[in-house]
Amino acid sequence: MFNLTLDDADLQANLRQLSERQIKWAAKDALDKTAGDVLAGIHARMDAVFDRPTPFTKGAFVVQKAHTERLEAVIHERPRNAARDYLKVQEGGGPRPTTGLETVLRSRLAYDGTITAVTPAPFAKLNAYGNWDAGERNKVMSGLRAQRDAWTNTTAASRKRRRRKAGFFVPQADSRLPKGVWMREADGTIYQILRFTRVVPQYQPRLGFYDGADEAFRLRLPVHLRREIEARVARLAAKAGS
């Protein structure tokens, strides 16, 4: 709970000139503008603690504006983000939630080993935000077709034919290759694109959402409230003098 004391004599005098309805509208607008400042602070915090946060991440929060009969502005996660839970982990720390990619690979890929977590390997193509490139992801998922390694139990002739085309494969659990998704070039060169691990990534608390929101609220709400009240008093004075 936040307690605000308005002990400024000029402000108290201005309040006496306004009707209850005008005061409620001043409070409503001040709360909305304060919520906007809090949201801007969250975005700045994301830029500071994350490496190139995506528009999806920066758009995770939305302002629910106040009402004159409900003087409360709320900043909450969009439903599409809340379902993914990743920002909650960044706030409090702990194991990273299962990603959509991990869920798909576990359910559809014919693989004998365990897929606890999936991370990009050094040869993975990354986008401007440091995440796995969507175009390459689509090619990999399409190329795998949730089938076992096409090179397993094939004849020498069939292997020779397949070398003429690039493709993706997942080594079997007993393979000497590191676990994950590999790409094979037409000349037979292979390199790893994704890693499969048995360890869930752990995050340390880093976002600091609540601390930043508290500070922004305490600093900005009195400023906005004073400005909104003064603006309404000034409009009343101008109307009276016209």
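A charge sits over a ring if NZ of Lys or CZ of Arg is within 6 Å of the ring centre and within 35 degrees of the ring normal. All views below show a predicted model.

**View A. Arginine 184 over phenylalanine 169.** The charged end of arginine 184 sits over the ring of phenylalanine 169. The distance to the ring centre is 4.1 Å.

**View B. The aromatic pair of phenylalanine 123 and tyrosine 191.** One aromatic pair turns up in a search of the whole structure. Its members are phenylalanine 123 and tyrosine 191, 5.0 Å centre to centre. The planes stand at 40°, and the pair is tilted. Phenylalanine 123 lies in the loop between strand 4 (117-120) and helix 7, while tyrosine 191 lies in strand 7, so the pair ties together parts that are 68 residues apart in sequence.

**View C. The largest nonpolar core.** This core has 18 residues. Leu105, Leu109, Leu144, Ile193 and Phe196 have the most contacts inside it. Two or more residues come from each of helix 6 (100-108), helix 7 (134-144), strand 6 (180-184) and strand 7 (190-197). Strand 7 gives the most, with four residues. In soluble globular proteins, nonpolar side chains tend to be buried together.

View D. Leu101, Glu102 and Leu105 are buried in helix 6. Their arc around the axis is only 100°, so they lie on the same side of helix 6. An α-helix has 3.6 residues a turn, so residues three or four places apart point the same way. Ser107 and Arg108 are exposed on the other side of helix 6. Strand 4, helix 7 and strand 7 are among the parts that cover the buried residues of helix 6.

**View E. Threonine 68 in its loop.** Threonine 68 is found in the loop between strand 1 (61-64) and strand 2 (74-77). Leaving aside neighbours within four places in sequence, threonine 68 is in contact with Lys24, Trp25 and Lys28.

Definitions and conventions:
Residues numbered from 1 in each chain as written. Predicted model: local features only at pLDDT ≥ 70, side-chain atom pairs only at ≥ 80, totals over all residues. Heavy atoms only, no water. Contact = heavy atoms within 4.5 Å. Core = buried A, V, L, I, M, F, W, Y, C linked by side-chain atoms within 4.5 Å. Buried < 20%, exposed > 50% of the residue type's maximum accessible area, 1.4 Å probe, protein only. Phe/Tyr/Trp six-rings, centres within 6.5 Å; stacked < 30°, edge-to-face > 60°. Arc of directions from axis to C-beta.
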